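Please look through the structure below with its sequence at hand.

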Amino acid sequence: MDKPARKRGRKSKTTPDEQQPNPNSTTTATDTVIPSLNAASDTTATDRRGSKRRRKTGKEKNEDAVIVTSPERRASRHNEHNGDYDVTAVVSKVVPSMDAVVKVFCVHTEPNFSLPWQRKRQYSSSSSGFIIGGRRVLTNAHSVEHHTQVKVKKRGSDTKYLATVLAIGTECDIAMLTVSDDEFWEGISPLEFGDLPALQDAVTVVGYPIGGDTISVTSGVVSRIEILSYVHGSTELLGLQIDAAINSGNSGGPAFNDKGECVGIAFQSLKHEDAENIGYVIPTPVITHFIQDYEKNGEYTGFPILGVEWQKMENPDLRMSMGMGIEHKGVRVKRIEPTAPESNVLRPSDIILSFDGINVANDGTVPFRHGERIGFSYLVSQKYSGDKALVKILRNSKIHEFNIKLATHKRLIPAHIGGKPPSYYIVAGFVFTAVSVPYLRSEYGKDYDFDAPVKLLDKHLHAMAESVDEQLVVVSQVLVADINIGYEEIVNTQVIAFNNKPVKNLKSLAEMVESCNDEFLKFDLEYEQIVVLRTKTAKKATRDILLTHCIPSAMSDDLKS
């Protein structure tokens, strides 16, 4: 499925090693890249640092760096929808709520996926956030990713308060913080959430973008509401497209409607030579889902999915061959995730007719609001992990109904590892690890989806995990020593079996090697390649290799338990 290329409005980042960014770089600071918007447009994710400046289209006010675009320009857009439109009036209604907007300071220490026994050099960043009820602060997940310290500062204050991260929702790019110091909460009224706005409704984005230390306001209108790709989460959820500028540092800031209610969180923008001022906002349904999920479970559990791949049924001959009548509309199930609960009831070539009583069209959409349709995955995303849904299907010209328990997605190559350090195992200089998207990005850079080996990419895009603990294990590199002469060029090659036993995951491989008493260690790799080492000499050489490379342990802590 084609996914639009997006860029999150990443916080500004200051690292000594990165003071001079590559002027040709078009990826985010963590090199998060997703496929192009469509076949006709070569769209790339935007650099978090905002390396390509936007052309200013409005005027600037000196007080608190309030930036608004031309009222005449806005009015011409808004007249059909709601009569005359006064930007200044909209901003003035938001002003009382600005005191709840805070600046978030974070120190990050990212894992080194290529050298998993160590971490990268720490760096600092700043972004935006806002206060909600229950002594909590919301910001973006990527703003506090791999955090070692988080601080927040109120508007007009000179004090930074230490914050605690309560939950990080990677898929929806939202994080929840709290501050233990009572002084922080004095004189602050939490923001109230408004309803999902309509097209051309006025929105005002407030935050602390790059280019100044005071609060900044940009105003615009809602230009599109659709399921869009969340770059940080590598997921597709409901999102708002607005024409207000979202720059580095705006991440986590609230978007207000004309009543001063929060209707979303700024989080990413689109960079393209033919596009200007296209920003994206996480809408209130997604925010509410995150908050209620945390309150219900005491932690973030994620957004469930219907674990199937489906095909549109727009061709009349295809519909006829599948036994669909004129009264039937729906989509065909191509494949089912083996780890998904629905694998017990659904079958390939089933036609999904409806989800929770809402009919699915032949193109996979469902009614949304007046004059609007949206992908039926929106209905699934409104559920919580463990909820049940009624799915009506057509199978062999007969209609069946199933109550399916929904669960989160288990990917063979995960998009994230949940903030945990990467796993590794070393024997005789062979470094074994499990493949993930951050690992591919670390090895092959921002264009990993073009530069990584074809077999790894094929598994990344199409392979399905057969069990919840299955991993794709590879030899990431060989630390050269006398014991591994002739094997030095093996890099990122999948391990199929060890001593003729299939390798299910990294932990099982480590256990098999550590307990092996055979004369030889034999690893079967892809492309029919094999590695054979004498067991005693290989294990003895491991200690010297670890000492040479200053590696503290032959395996990560998670493999020791």
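The buried residues of helix α6 pack against β27 (430-434), α7 (448-451), α8 and β28, where contact means heavy atoms within 4.5 Å. Those buried positions in α6, which covers residues 437-444, are Val-437, Pro-438, Tyr-439, Leu-440 and Arg-441; buried stands for under 20% relative accessible area, exposed for over 50%, and partly exposed for what lies in between, with a 1.4 Å probe and protein chains only. After α6 comes Gly-445, which has a positive phi near 80°.

This is a predicted model, in which local features need a pLDDT of at least 70 and side-chain atom pairs count only at pLDDT 80 or more, whereas totals for chains, interfaces and linings use all residues. Residues are numbered from 1 along each chain as its sequence is written, and side-chain values use heavy atoms, with hydrogens and water left out. The pLDDT, which is the predictor's confidence in each residue on a scale from 0 to 100, has a mean of 84 for the protein chain, and 82% of the residues reach 70 or more. Over residues 1-85, however, the pLDDT is below 50, and this stretch has 228 contacts in the model beyond near neighbours in sequence.

Seen as a whole, the protein chain has 11 helices and 32 strands, and 53% of its 561 residues count as buried. Among the contacts with a separation of 6 or more, 65% are accounted for by residues 24 or more positions apart. The accessible surface of the chain, calculated by the Shrake-Rupley method with a 1.4 Å probe and, for residues, with only the protein chains shown as cover, comes to about 25,800 Å², of which 48% belongs to carbon and sulfur atoms.

Turning to the interior, a nonpolar core is a set of buried Ala, Val, Leu, Ile, Met, Phe, Trp, Tyr and Cys residues joined through side-chain atoms within 4.5 Å. The largest such core has 86 residues, of which Leu-138, Val-152, Ile-174, Phe-184, Leu-238, Val-286 and Phe-290 touch the most other members. A second, separate core has 27 residues, including Tyr-425, Val-427, Ala-428 and Val-503. To return to Phe-184, its contacts, leaving aside neighbours within four places in sequence, are with Val-102, Ile-131, Val-137, Val-152, Lys-154, Tyr-161 and Val-179.

Two residues other than glycine also have a positive phi. Asp-173, with a phi near 60°, lies in the loop between β10 (161-169) and β11 (174-178) and is buried, at a relative accessible area of 0%. Asn-499, with a phi of about 45°, has its place in the loop between β29 (493-498) and β30, and is buried with a relative accessible area of 17%.

Charged pairs come next. Side chains of opposite charge can pair when their charged atoms come close. The structure holds 15 salt bridges, each a side-chain nitrogen of Lys or Arg within 4 Å of a carboxyl oxygen of Asp or Glu. In one of them the side chains of Glu-309 and Arg-335 meet at 3.0 Å, N to O; because Glu-309 lies in strand β18 (residues 308-311) and Arg-335 in strand β19 (residues 331-336), the pair ties together parts that are 26 residues apart in sequence. Lys-504 and Asp-469 meet in another, at 3.3 Å from N to O; Lys-504 sits in the loop between β30 (501-502) and α9 (506-514), and Asp-469 in the loop between α8 (454-462) and β28 (473-478), so this pair ties together parts that are 35 residues apart in sequence. Lys-507 forms a salt bridge with Glu-511, their closest N and O atoms being 3.9 Å apart, and these two residues are separated by about one helical turn because they are four residues apart in helix α9.

Finally, on the surface, Phe-520, Ile-530 and Val-532 form a nonpolar patch with about 230 Å² of accessible area together. Patches are made of residues with over 30% relative accessible area and no salt bridge, like charges being joined within 9 Å and nonpolar side chains (Val, Leu, Ile, Met, Phe, Trp, Tyr) within 5 Å.
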